[in-house]
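Please keep the sequence and the 3D view at hand.

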Amino acid sequence: MDHLEGRHPGTVHLLRYFDYSHLPQGLQPYSEPFHALAHGLVDRLPDGPELTAGLRKLLEAKDCIVRAALDAVPPPSSS
């Protein structure tokens, strides 16, 4: 996360919620585009209240999509 050096702590804090490697394989494709978008926006925009608000709303959208995918992705089979 060297590219985040000097960024506002609130920006860095929000970005950690866009990580998706902890999710099951079937849910990662739903979360990954949000990760890419959030990091791309932070790379292009200055810190400030509008960036923070935008990241929070994007995080809410990501959470909703991942929850929706829970209904679409079959659970792992238990053997």
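**The core and its helices**

In this predicted model, the largest nonpolar core is made of eleven residues: Leu-4, Leu-14, Leu-15, Phe-18, Phe-34, Ala-38, Val-42, Leu-51, Leu-55, Leu-58 and Leu-59. At least two residues of this core come from each of helix H1 (9–15), H2 and H3. H3 gives the largest share, four residues.

H3 covers residues 49–72. Its 24 residues should span 34 Å at 1.5 Å a residue, and the 35 Å between its end C-alpha atoms therefore agrees with that expectation. Buried positions in H3 are Leu-51, Leu-55, Leu-58, Leu-59, Lys-62, Val-66 and Ala-69. An α-helix has 3.6 residues a turn, so residues three or four places apart point the same way. H1 and H2 are among the elements that cover the buried residues of H3.

How do H2 and H3 lie against each other, and at what crossing angle? The axis of H2 (residues 28–44) comes within 9 Å of the H3 axis, and the two cross at roughly 170°. Angles over 145 degrees count as roughly antiparallel, so H2 is roughly antiparallel to H3. On the H2 side the contact involves Tyr-30, Ser-31, Phe-34, Leu-37, Ala-38 and Val-42. These meet Leu-51, Leu-55, Leu-58, Ala-61, Lys-62, Ile-65, Val-66 and Ala-69 of H3. Sorted by class, this contact holds twelve nonpolar residues, one polar and one charged.

Leu-51 belongs both to the core and to the contact of H3 with H2. Neighbours within four places in sequence aside, Leu-51 is in contact with Arg-7, Thr-11, Val-42, Leu-45 and Pro-46.

Key
Residues numbered from 1 in each chain as written. Predicted model: local features only at pLDDT ≥ 70, side-chain atom pairs only at ≥ 80, totals over all residues. Heavy atoms only, no water. Axes fitted to C-alpha atoms, helices over the stretch in contact; angles between N-to-C directions. Parallel < 35°, antiparallel > 145°, perpendicular 65-115°, else oblique. Contact = heavy atoms within 4.5 Å. Nonpolar A, V, L, I, M, F, W, Y, C, P; charged D, E, K, R; others polar. Core = buried A, V, L, I, M, F, W, Y, C linked by side-chain atoms within 4.5 Å. Buried < 20%, exposed > 50% of the residue type's maximum accessible area, 1.4 Å probe, protein only. Expected span 1.5 Å × (residues − 1).
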